[in-house]
Amino acid sequence: MLHSSIPQQVLRIALPMTLASISIPLLGLVDTAILGHLPSDNYLAAVAAGSSVLTMMFWLFAFLRMGGTGLTARAWGAGDELLCKELLFQSLLLAILLGFLLILLRHPLLETTLTLISPSVEALPLAREYCLIRIFAAPATLITYCTIGWLLGLQQAKATLAVMLFINMANIALDFLFIVGFDWNSRGAALASLAAEYAGATAALLLVALKLKELSAPWHWQRLTHWPHYRSLFAVNRHLFVRTALLVFTMTFFTAQGARQGDEVLAANAILMQLLLLVAFTQDGFAHAAETLTGQAIGSHQLPRFYTISFATTAWGLAIALLATLAYLFFPQAIIHLFTDLPAVAATAQIYWPWLTALPLVGLACFMADGIFIGSGKTYAMQNSMLVAVLLIFLPLWYWSRSLGNHGLWLAYLGFLAARSLMMAGLFTYFSRYRLWGTSKA
């Protein structure tokens with residue numbers, strides 16, 4: 001009876017989280033589509049560069065979401081309501097401090113990152129303006145990471161969906177108002193994101209407050225000053241921070257190398273990457289289900305249940321990857337023209353389209369294993385596999401294939417995803433063979 005309920009539990013969490021996850025790249029696709037139909041490609045290039053800078057900068061702190069989900073799920077599985085509360089408030093305190101630190105350091109951080117990405121002379125001032133507006137959303141964005149991670153750890157998928165849909169739908173509506181209605185171009189895209197993030201953080205905190213009323217364990221605010229209580233949170237977050245920093249570096253490096261080849265290549269790469277992210281975020285719904293359900297299984301010492309959940313969520317990920325591959329293989333021109341009518345950008349995207357068709361299946365194992373490893377607490381292994389994929393695969397491949405131009409860049413990214421998938425699959429086999437799931441051994 002326990003195992004027969006797993007498919008229903010997976011879908012109960014995965015379907016809302018899939019809708020929520022799809023709304024993230026959908027926002028990027030709407031931005032791309034609106035700006036891609038403006039008279040100049042400078043606006044699209046500026047937002048491609050600027051949003052890459054801030055998305056990657058904010059995503060450095062995604063451990064607030066990922067670490068919170070895994071730790072909360074294991075505490076929930078062990079029946080420790082007090083620890084669930086403590087993890088939430090610890091994460092929120094950390095998020096507020098980090099958010100304001102980003103605002104204080106905004107000028108050196110943004111100038112350094114924009115210099116590395118190096119958009120064109122025409123796009124640079126627009127990208128800088130975009131970043132300097134949207135950086136003020138940092139506290140709200142990080143607070144939302146914490147609340148979403150905590151709610152997901154408690155298997156509150158519908159609440160998580162409500163928050164993410166609210167943010168992204170508000171952003172899309174404001175995009176149309178500010179960009180099309182007020183003709184604010186790339187500045188309008190930044191203001192839309194800023195307003196939507198603060199509205200979303202407020203909604204998320206209200207939902208969290210409702211859930212806290214259901215937890216009966218008494219809470220004393222003095223617990224936040226007991227620094228030894230932060231040890232497990234910092235240990236997990238340290239591994240996830242290094243892992244995410246390497247991923248951010250890879251994506252920023254990818255964007256920078258594309259930018260150096262001209263605005264058409266930068267814009268075309270942005271379209272292809274958004275379409276890959278659409279697949280990844282769709283699979284993320286099932287990866288999120290794996291995070292909370294495997295975490296609960298490990299916390300309650302139910303290893304057979306852990307394996308059933310792992311294989312069920314991965315099977316769904318495979319189905320999504322196959323559907324995406326078929327769509328990208330047979331309908332390239334129709335999909336491209338949904339996002340731009342600029343002939344040079346469309347033609348450039350067509351040239352590099354074959355790389356996109358290969359990526360969903362190549363990245364399947366790493367996308368799905370992330371959820372399993374976060375839920376089970378194997379974050380040290382995630383960190384080490386990312387180190388190998390970036391330093392020993394991605395960068396050497398890029399260096400040796402520079403003569404291929406943008407094709408070499410996509411080849412390096414394909415190798416990066418392949419290496420991650422192979423290592424994560426190998427680590428899953430290793431941990432299973434030596435019965436290391438649910439232990440502190442990495």
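## Salt bridges

Glu111 forms a salt bridge with Arg128, in which the closest N and O atoms are 2.8 Å apart. This pair joins distant parts of the chain, since Glu111 belongs to helix 5 and Arg128 to helix 6 (residues 124-134), 17 residues apart. Glu111 is partly exposed, its relative accessible area being 32%, and Arg128 likewise counts as partly exposed, at 28% relative accessibility. The model described here is a predicted one, and it holds six salt bridges.

Another of these contacts is a salt bridge between the side chains of Glu214 and Lys211, at 3.0 Å from N to O. Here Glu214 is exposed, with a relative accessible area of 56%. Lys211, by contrast, has a relative accessibility of 8% and therefore counts as buried, the cut-off for that class being under 20%.

## A buried charged network

The side chains of Arg420 and Asp370 also meet in a salt bridge, at 3.1 Å from N to O. The two residues lie in distant parts of the chain, 50 residues apart: Arg420 is in helix 17 (residues 406-433) and Asp370 is in helix 15 (residues 364-376). Arg420 counts as buried at 6% relative accessibility, and Asp370 counts as buried at 11%. The contact is part of a network of salt bridges that links Arg243, Asp370 and Arg420.

## The second largest cavity

Two cavities of 30 Å³ or more are counted in the model. The second largest cavity has a volume of about 40 Å³, and its lining consists of Arg243, Asp370, Met382, Ser385, Met386, Arg420 and Met424. Helix 16 (379-400) and helix 17 are the elements that give two or more residues to this lining. Helix 16 gives the most, with three residues.

By class, the lining of the second largest cavity has three nonpolar residues, one polar residue and three charged residues. Arg243, Asp370 and Arg420, listed in this lining, are also the residues linked in the network of salt bridges.

## The largest pocket

The largest pocket has a volume of about 370 Å³. It is lined by 18 residues, and those nearest its centre are Thr113, Leu116, Val248, Phe249 and Thr252. Sorted by class, the lining has 13 nonpolar, four polar and one charged residues.

Helix 2 (42-59), helix 5 (106-117) and helix 10 (231-259) each supply at least two residues of the lining of the largest pocket. The largest share of that lining, seven residues, comes from helix 10. Helix 5 also contains Glu111, the partner of Arg128 in helix 6.

## Aromatic pairs

The count of aromatic pairs comes to 31. In one of them, the rings of Phe178 and Phe182 have their centres 5.9 Å apart and their planes at 25°, so the pair is stacked. Phe178 counts as buried at 13% relative accessibility, whereas Phe182 is partly exposed, with a relative accessible area of 40%. Phe306 and Phe428 form an aromatic pair that is stacked as well, with 6.4 Å from centre to centre and 20° between the planes. This pair links distant parts of the chain, Phe306 in helix 12 (residues 303-330) and Phe428 in helix 17, 122 residues apart. Both Phe306 and Phe428 are buried.

Ring pairs also link Phe249, Phe253, Phe254, Phe394, Trp398, Tyr399, Trp410, Tyr413 and Phe416 into a cluster.

Thr282 lies in helix 11 (residues 263-299). Thr282 is buried, because its relative accessible area is 14% and the class requires a value under 20%. The side chain of Thr282 reaches the backbone oxygen of Leu278 at 2.6 Å.

Note on methods: Residues are numbered from 1 along each chain as its sequence is written. This is a predicted model: local features need pLDDT of at least 70, side-chain atom pairs count only at pLDDT 80 or more; totals for chains, interfaces and linings use all residues. Side-chain values use heavy atoms; hydrogens and water are left out. Helices (H or I, at least four residues) and strands (E, at least two) are DSSP runs, numbered from the N terminus. Buried means under 20% relative accessible area, exposed over 50%, partly exposed in between (1.4 Å probe, protein chains only). A polar contact is a pair of N or O atoms within 3.5 Å; within protein, one must be able to donate a hydrogen and the other to accept it, and residues adjacent in sequence count only if both atoms are side-chain atoms. On a 1 Å grid over the protein atoms alone, a cavity is a set of points where a 1.4 Å probe fits but cannot get out, and a pocket is an open set with protein on both sides within 12 Å along at least five of seven lines; lining residues have an atom within 4 Å of a point. Grid points are joined across faces, edges and corners, and a volume is the space filled by probe spheres set on the points. Ala, Val, Leu, Ile, Met, Phe, Trp, Tyr, Cys and Pro count as nonpolar, Asp, Glu, Lys and Arg as charged, and the others, Gly among them, as polar. A salt bridge is a side-chain nitrogen of Lys or Arg within 4 Å of a carboxyl oxygen of Asp or Glu. Rings of Phe, Tyr and Trp (its six-membered ring) pair if their centres lie within 6.5 Å; planes under 30 degrees apart count as stacked, over 60 as edge-to-face and the rest as tilted.
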